[in-house]
Amino acid sequence: MERLSTPRIYNCEILENRPVGGLFLLTLALDEVITARAGQFFLIRIDREDIVLRRAFSIFDMEENRLSFLYRVVGKGTAWLSDRKVGYTLNIFGPLGNGFSLTGDRCLLVGGGSGIAPLYYLGKSLKGEVNFLFGAQTGSFFDKDLLSRYAEIGKLEIVTEDSSLGKRGLVTQYIDDNYARIYACGPVEMFKNIKTDIPVEISLETRIACGFGACRGCVVKTTKGEYKRVCKDGPVFDLREIF
Ligand SMILES: Cc1cc2nc3c(=O)[nH]c(=O)nc-3n(C[C@H](O)[C@H](O)[C@H](O)COP(=O)(O)OP(=O)(O)OC[C@H]3O[C@@H](n4cnc5c(N)ncnc54)[C@H](O)[C@@H]3O)c2cc1C
Ligand code: FES
């Protein structure tokens, strides 16, 4: 079994931080090569006086000592992040969380919006046949070069609500049961609309505080009525455990 790196703080120089369609691609230089599983995440410190909590981002890619994230600007933390220039030093903490299980079978990786972020490193890590199914409101959300990176790993199908790219509709309309396992990341509504009998692993995005299981600020209620910490017991859960 792989031995995952113990979470710690890294001060890393920004190597790139640029828009890619509706997202930003951030690449950092770590001071060592680490081992982390797809689906694990890092907390990035936002150096603004009015922001106390670090912001969580899944690993998009890792190559030697380079670590990349793919993020969407949704508020003041991510807006601050998108303004950081190459050469700026970011303070990050991780890798955190459990990560996806890695099977060797035929899999479908479903991403809604910024939910495509953890699926690149997952696709690279899986040993079996990889199929991507990505959805967004409109085609301009997807950067062509970014999509070709995914397409180098597996078959890629796009669905947009306005049919400006790929098929029309919602990704959940195009999920079928011809896979051993489905991995999904995206909005809660997407998870609720996944109807299938095969195993589905989802990566949840809730607000994170401490990030290592101590404060219980990130708990979600399971279908059995238990409370699970997204940062420590997750962020990856069995779909039926939560919805
Ligand atoms: C384990 C994990 C992995 C994540 N990975 C990624 C990733 O790879 N790429 C990416 O773009 N985002 C990811 N997120 C979501 C990201 O952490 C939030 O978008 C970010 O914290 C928002 O910060 P902000 O200061 O810009 O927004 P704020 O100003 O704090 O909030 C702006 C809006 O975003 C909503 N929001 C804020 N935080 C979250 C959150 N954690 N989940 C859902 N909605 C939120 C708020 O309700 C509000 O409507 C991840 C979250 C978790 C928990
Ligand atoms: S954020 Fe503190 S327990 Fe999860």
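**Reading the features**

Reply: Begin with the ligand: a polar backbone atom of Ser58 lies 3.0 Å from a nitrogen atom of ligand 1. Keep in mind throughout that this is a predicted model.

Me: How much of the surface of ligand 1 does the protein bury?

Reply: Ligand 1 taken alone exposes 870 Å², and 77% of that is buried by the protein.

Me: Which residues come nearest to ligand 1?

Reply: There are 20 residues around ligand 1, and the nearest are Arg55, Ala56, Gly77, Thr78 and Arg207. For Arg55, a polar side-chain atom is 2.8 Å from an oxygen atom of the ligand. Leu70 uses its backbone instead: an N or O atom there lies 2.9 Å from a nitrogen atom of ligand 1.

Me: Now the strands. Which sense do E1 and E7 take when they pair?

Reply: Strand E1 covers residues 8-20 and strand E7 covers residues 89-96; their pairing is antiparallel, over six bridges. To place the pairing on the sequence, look for residues that stand opposite each other: Arg8 faces Gly94 in E7.

Me: How many bridges join E1 to E2?

Reply: Seven, and the two strands run antiparallel, with E2 spanning residues 23-29. One bridge pairs Val20 with Leu23 of E2. E1 and E2 make a hairpin with two residues between them. In that turn, Gly21 has a positive phi of about 60°.

Me: Which residues have a positive phi without being glycine?

Reply: Glu64 is one of them, with a phi of about 50°. It sits in the loop between strand E5 (61-63) and strand E6 (66-71). Ser163 is another, with a phi of about 55°. The loop that holds Ser163 runs between strand E10 (155-160) and strand E11 (167-168).

Me: Is Glu64 buried or exposed?

Reply: Glu64 has a relative accessible area of 63%, so it counts as exposed, the cut-off being over 50%. Ser163 has 31% relative accessibility and therefore counts as partly exposed.

Me: Next, the peptide bonds. Where does a cis bond occur in this model?

Reply: The angle to read is omega. The bond from Gly94 to Pro95 is cis, with omega near 0°. Pro95 belongs to strand E7, and Gly94 is the residue already placed opposite Arg8. A cis peptide bond also joins Gly234 and Pro235, with omega at about 10°. Pro235 lies in a loop, between strand E15 (227-229) and strand E16 (236-238).

Me: Last, the cysteines. How many disulfides does the structure have?

Reply: A disulfide is a covalent bond between the sulfur atoms of two cysteines. A search of the whole structure finds zero. Cys107, for instance, is in no disulfide. The cysteine sulfur nearest to Cys107 is that of Cys185, 16 Å away, whereas a disulfide needs the two sulfur atoms within 2.5 Å.

Me: Is Cys107 buried or exposed?

Reply: Cys107 is buried, because its relative accessible area is 0%, and buried means under 20%. Cys12 is buried as well, with a relative accessible area of 0%.

How values were computed: Residues numbered from 1 in each chain as written. Chains lettered and ligands numbered in written order. Predicted model: local features only at pLDDT ≥ 70, side-chain atom pairs only at ≥ 80, totals over all residues. Heavy atoms only, no water. Pairing = 2+ DSSP bridges. Helix = DSSP H or I, 4+ residues; strand = E, 2+ residues; numbered from the N terminus. Buried < 20%, exposed > 50% of the residue type's maximum accessible area, 1.4 Å probe, protein only. Near = heavy atom within 4 Å. Polar contact = N/O pair within 3.5 Å; in protein donor to acceptor, adjacent residues only side chain to side chain. Areas by Shrake-Rupley, 256 points an atom, 1.4 Å probe, with all protein chains shown as cover.
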